[in-house]
Amino acid sequence: MTKLFQTVKEKIETGTRITDTEALALFESNDLLAIGELAALANRNKNGDRVFFNVNRHINYTNLCVNRCTFCAFSKEAGESGEYTLALQDVREKAEQAAAVGATEIHIVGGLHPELPFEFYRQMLRSIKAVSPDLHIKAFTAVEIDYFAELAGKTVPQVIAALKEAGLGSLPGGGAEIFARQVRNKICPEKISGERWLEVTEQVHRAGLKSNATMLFGHLEGFADRVDHMRRLRELQDRTYRQFPEFYPARFPAGQHPRAGRQRGRRS
Ligand code: SF4
């Protein structure tokens, strides 16, 4: 076993954090079996033999979006073929169908709609809770929360409190993409900055809601950008006392270039 793997193994066993340099060296290594063993060890230490899953239904209430992220093939402009916005009744019916087949969670994200009022989002949450108060609603990215604040002329904590009151239970964590400014400016120049994503997510956590953490990789970023992204998530996780239950790294489809973009769906 190389010194790097031995060091990382000892750190996993003693619950010590690895450094950026060690994380970068792991990314640069092609010893997948050794890295897989370390990952399995870290997983076993944390979770034992337990695995977790939930039964949910995704509802994307609109594909209209004022942003034009270069990697996104989901969003449309008003008047463009294929644009849609669900009525509240449609959302409710989808929640009813999901509950009828055993879903315990409704997962909601959408584009940044140019016209829907903030009240629409609160009513959407209430209409789902009216189907069953036990349905957990995981909804809206930090990008949407920031947009709602601007739309409603409210602060982020005010928006979160209003959505929580209407039934919001947690956030799915999308929109983080990659925090590194140089790359982010190329793949989603109109989206909130990485710093703002972290700031909004911190406010979400401080309001008592959990959120997932995500990373979009495999496009224009380098290994150092991934390490930077994960360290900043880890720092937020430390500041807000473990309010990220899940880290979801999403690979950009191989063979596609984000500047050519808009080939596959991603939202907010
Ligand atoms: S990724 Fe999100 S914010 Fe960007 S264009 Fe698509 S729907 Fe809009």
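Predicted model: local features only at pLDDT ≥ 70, side-chain atom pairs only at ≥ 80, totals over all residues.
Local features require pLDDT of at least 70, side-chain atom pairs count only at pLDDT 80 or more, and totals for chains, interfaces and linings use all residues. Residues are numbered from 1 along each chain as its sequence is written.

The protein has 10 helices and seven strands (DSSP runs numbered from the N terminus; helices are H or I with at least four residues, strands E with at least two). Its C-alpha atoms fill a box of roughly 60 × 40 × 35 Å along the principal axes.

Of the 268 residues, 32% are buried (20 or more other C-beta atoms within 10 Å of the residue's own, with C-beta atoms placed from the backbone; exposed means 12 or fewer, partly exposed in between). The largest nonpolar core holds 49 residues (buried Ala, Val, Leu, Ile, Met, Phe, Trp, Tyr and Cys joined through C-beta atoms within 7 Å). Helix α6 (residues 142-152) gives the largest share, five residues. Ile-128 is among those with the most contacts inside this core. Beyond four places in sequence, Ile-128 contacts residues including Val-91, Ile-106 and Gly-167 (C-beta atoms, placed from the backbone, within 7 Å).

Strands β6 (residues 213-217) and β7 (residues 247-251) run parallel, joined by five bridges (pairing needs at least two DSSP bridges). Leu-216 stands opposite Ala-250 in β7.

How values were computed: Contact = placed C-beta atoms within 7 Å.
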